[in-house]
Amino acid sequence: MKRKRALSLFLTGMTAVSVLLQGCGTERENSGKIEIELVQYKPEAVEVFEQLEEEFNRTHDNIHLTIESPNDATTILKTRFIREDYPDIIGIGGDINYSYFVDSGILADVSDYEGLKSIKTAYVDILEGLEFVPTEGTYGVPYVANAAGILYNREMFQEHGWEIPETWEELLTLCEDIQAAGIQPFYFGFKDTWTCLAPWNALAVDLAPADVCKQVNRGETTFTDEYREISEKMLELLEYGEAGSFAYGYNDACTAFANGEAAMYTIGSYAVPQIKSVNPDMDIDSFVMPGSDSPDGNVLNSGVDLQFCVTSACENKEAAYEVLDFLLEHENMQAYLDNQNAVPCKDEEFELASMLDGMKDYINEGKMSDYQDHYYPSEMAVDAQIQTFLMNQDVDAFLEKFDKDWQRYNRDIIRMVEDYQKENGTVGKEGGEES
């Protein structure tokens with residue numbers, strides 16, 4: 001049985017979360033309408049959200065919806081939470097911030113929301129997997145996801161007759177064939193540290209347990225054991241990238257790929273709009289990173305890019321649910337997918353962007369796993385650690401530091417996990433007992 005815990009790990013200076021919250025889901029004075037405020041964290045999607053807001057208010061007489069799409073919304077939300085100025089609904093990603101919000105009791109349990117039944121189980125499971133310790137209830141409604149692996153120049157592949165690789169050896173052979181044709185296999189753009197996470201995450205879902213971070217927190221394994229093969233294969237990939245990969249950033253890589261300077265790009269679907277801004281006519285497709293030695297071992301790297309969470313402060317949950325119903329309507333979700341090239345979390349037939357053709361089977365089958373970095377604390381700066389590792393190419397030193405820093409930056413969470421295990425009669429393998 002899960003149980004509810006509310007700690008305050010995520011905000012410096014936040015000592016408690018009040019259960020007596022004001023000002024959400026209330027009727028505007030003299031308007032006769034219930035006011036619902038939604039704050040979402042994707043400013044690049046402001047246009048489609050403005051359209052959705054207008055359509056909702058045009059078609060609903062009893063509720064007035066306001067959607068805010070500020071820059072740096074997560075920081076703004078944290079500031080508002082400190083002031084106890086809570087919106088009714090927040091639109092956030094499925095990452096460690098969501099974990100903190102769940103743990104701090106800011107989000108309402110939406111287990112009773114009927115719309116959850118239409119969401120693919122894989123994405124609900126991904127959110128549940130982010131909980132520091134098992135927590136009773138469901139706290140987010142997954143809306144859309146993204147997919148990461150390898151983008152490729154479809155026209156170039158067809159011209160040369162290159163086949164999509166399904167194993168690691170096939171990928172390396174493909175890279176050799178591409179080089180033999182006088183073309184660069186990959187462009188990386190590793191000057192921007194966050195870009196180092198794209199191939200890392202895509203390899204990790206194939207080669208490490210999906211819950212490896214939780215296993216480490218429970219004392220059952222180490223990153224030295226679980227991340228060695230990923231690290232070694234990252235170094236192998238590096239050999240097929242641009243000379244001076246650390247001198248060029250994300251924009252450089254998008255431009256180079258758009259201009260045909262590389263056949264492939266290890267990045268997510270989120271990069272396609274940037275690439276298309278350089279070459280609108282480019283024919284881009286994608287495939288899952290074949291990090292495994294067997295096709296059956298490959299998994300799509302996909303996480304919840306946007307979910308909607310009702311806050312505990314919301315005074316009119318039924319009105320908030322009516323907003324969620326509207327957002328989940330087929331034509332409204334399709335409008336968002338078309339605008340953002342996203343992957344739907346709803347278990348329904350949608351038109352997907354052509355650059356997702358090579359990933360459709362994985363999406364339809366729910367054969368996917370979350371981004372490993374969604375579990376990494378920002379203070380640990382794992383992206384910078386990976387960049388430094390790729391420069392120095394010392395696997396042992398990198399993994400030793402990763403394990404050491406994990407214990408340092410996750411000590412409060414590790415202590416929470418230990419307390420939970422003691423209270424529930426479970427300890428890690430090192431403790432000699434398992435339930």
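**View 1. Helices α1 and α14 come within 9 Å of each other, computed between axes that cross at roughly 165 degrees.** In this predicted model, the two helices can be described as roughly antiparallel, because a crossing angle over 145 degrees is given that name. The way in which α1 passes α14 is a right-handed crossing. On the side of α1, the contact is made by Glu47, Val48, Phe49 and Leu52, while α14 contributes Asn332, Ala335, Tyr336 and Asn339. Sorted by class, the residues in this contact of α1 with α14 are five nonpolar, two polar and one charged.

**View 2. Helices α13 and α14 cross at roughly 65 degrees, with axes that come within 5 Å.** Helix α13 covers residues 317–328, and helix α14 covers residues 330–340. The residues that make the contact are Phe326, Leu327 and Leu328 from α13, together with His330, Asn332 and Met333 from α14. By class, four of the residues in the contact of α13 with α14 are nonpolar and two are polar, whereas no charged residue takes part.

**View 3. Among the 29 aromatic pairs that the structure holds is the pair of phenylalanine 49 and phenylalanine 308.** The ring centres of these two residues are 6.4 Å apart, and with 90 degrees between the planes the pair is edge-to-face. Phenylalanine 49 lies in helix α1, which spans residues 46–59, and phenylalanine 308 lies in strand β9, which spans residues 300–310, so the pair ties together parts that are 259 residues apart in sequence. Phenylalanine 49 has a relative accessible area of 1% and is therefore buried, since the limit for that word is under 20%. Phenylalanine 308, at 2% relative accessibility, counts as buried as well.

**View 4. The rings of phenylalanine 186 and phenylalanine 188 form a stacked pair.** The centres of the two rings are 5.5 Å apart and their planes stand at 20 degrees, so the pair is called stacked, a term that applies to planes under 30 degrees apart. Both phenylalanine 186 and phenylalanine 188 are buried.

**View 5. Eight residues listed here form one aromatic cluster: Trp200, Phe223, Tyr227, Tyr376, Phe389, Phe398, Phe402 and Trp406.**

How values were computed. Residues numbered from 1 in each chain as written. Predicted model: local features only at pLDDT ≥ 70, side-chain atom pairs only at ≥ 80, totals over all residues. Heavy atoms only, no water. Axes fitted to C-alpha atoms, helices over the stretch in contact; angles between N-to-C directions. Helix = DSSP H or I, 4+ residues; strand = E, 2+ residues; numbered from the N terminus. Contact = heavy atoms within 4.5 Å. Nonpolar A, V, L, I, M, F, W, Y, C, P; charged D, E, K, R; others polar. Phe/Tyr/Trp six-rings, centres within 6.5 Å; stacked < 30°, edge-to-face > 60°. Buried < 20%, exposed > 50% of the residue type's maximum accessible area, 1.4 Å probe, protein only. Parallel < 35°, antiparallel > 145°, perpendicular 65-115°, else oblique. Left-handed = near helix turned anticlockwise from the far one by under 90°.
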